[in-house]
Amino acid sequence: MKLLTYDTGTGPRCGVLQGDSVVDVTALLGEPRTIRDVGALLALDESPVDRVGDALAGGAAAPAVALDAVRLRSPILQPPTVRDFIVYEEHASSQGTREPNEVWYRMPVFYFSNTLCIYGPDDTVPFPSTSDQYDYEMEIGAVIGKNGSDVSQADALSHIAGFCIFNDWSARDVQFDEMAFGLGPAKGKDTASTLGPWVVTTDEMAPYIRDGRLTVKCQVRVNGESWLTDGDAAMAYYTWGEIVQRASKDSRIAPGDVIGSGTVGGGSVREAIRKGYEAARFLEPGDVVEMDVEGIGAVRNTLGEKRADASYPFPAASPTAVPDRGTHTAYRYELRRG
């Protein structure tokens, strides 16, 4: 099944795609309260995905609307968490220019992204005012379907409700400047993530799952021109079992959580430049970025205008941005004295 969140102008609702129509899941299941998105569906008791499948198979009646008459929203409007891993060696190796840190070969690593800036498959994405090196990242997102802690690799796929496209928008100049301090990406990844166009359930993706990896091909186009034609998700160094095990270790995963695979090899601007795509460059306002993933579908986002903000007090990296050491030390000393 393809589970989605749609809006006909009266607010978001959870639906399921049937041919070229969207069937309302709230009515399909006979729920007394509106199921606002796929995340709310997954939070229901009694195997909600199976219940949707059984209701469809049983011919349950429910309102439907044409797919081209609705606005598709992010399937998960506000995930409880977004953990973004980096499991493709080409991207982990700084686009093939160096070996990753040895820790990358020992364990799947990730960072937490912003759950408050989630965009849908056709949304306009704001262009960050502080970046001149804006980038996309072609990723696969796994959506968690049930609670778990210390999940084993063998049980991992049973915790994944399905998969979607995940575009991890990245302000590279902000990211590299910030990470020079020694922390992971934060503000450089703070502005936007795109999820969509829907969540394809794990059973429907089963033909593409081999050795715990999704064997799907990925493409990226910018303004209609191909910047990635042969991205291979099967090249993941770690399996989804290892990813879910790592995410849940000494912690908890919950319905609606999103886990990103990290950038498929070739799936960023720098990699497109290295691979020889002549039009490749950092993104600009007005650019249209499209991503296609075999077995899942496509998302298409337009970048909005860049907003100037002269009042922002934190300058980009430059020699003049470093405070005078003596003044800075004295200032800290005064703070300690109270």
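Start by selecting arginine 221 and glutamate 290: both are buried (under 20% relative accessible area, with exposed meaning over 50% and partly exposed in between; 1.4 Å probe, protein chains only). They form a salt bridge, with the closest N and O atoms 3.6 Å apart (a side-chain nitrogen of Lys or Arg within 4 Å of a carboxyl oxygen of Asp or Glu). Arginine 221 sits in strand S17 and glutamate 290 in strand S20, so the pair ties together parts 69 residues apart in sequence. Helices (H or I, at least four residues) and strands (E, at least two) are DSSP runs, numbered from the N terminus.

A word on what you have open: this is a predicted model, where local features need pLDDT of at least 70, side-chain atom pairs count only at pLDDT 80 or more, and totals for chains, interfaces and linings use all residues. Residues are numbered from 1 along each chain as its sequence is written, and side-chain values use heavy atoms, leaving out hydrogens and water.

Next, pick aspartate 135 and arginine 172, whose side chains meet in a salt bridge at 2.8 Å, N to O. Aspartate 135 is in strand S10 and arginine 172 in helix H7, 37 residues apart.

Now show strand S14 (residues 193-201): 9 of its 9 residues are buried, so the strand is largely enclosed by the rest of the structure. Strands count as paired if DSSP finds at least two bridges between them. Strand S12 (residues 160-167) runs antiparallel to S14, joined by 5 bridges; isoleucine 165 has glycine 196 as its bridge partner. Strand S8 (residues 118-119) runs parallel to S14, with 2 bridges, and tyrosine 119 stands opposite threonine 194.
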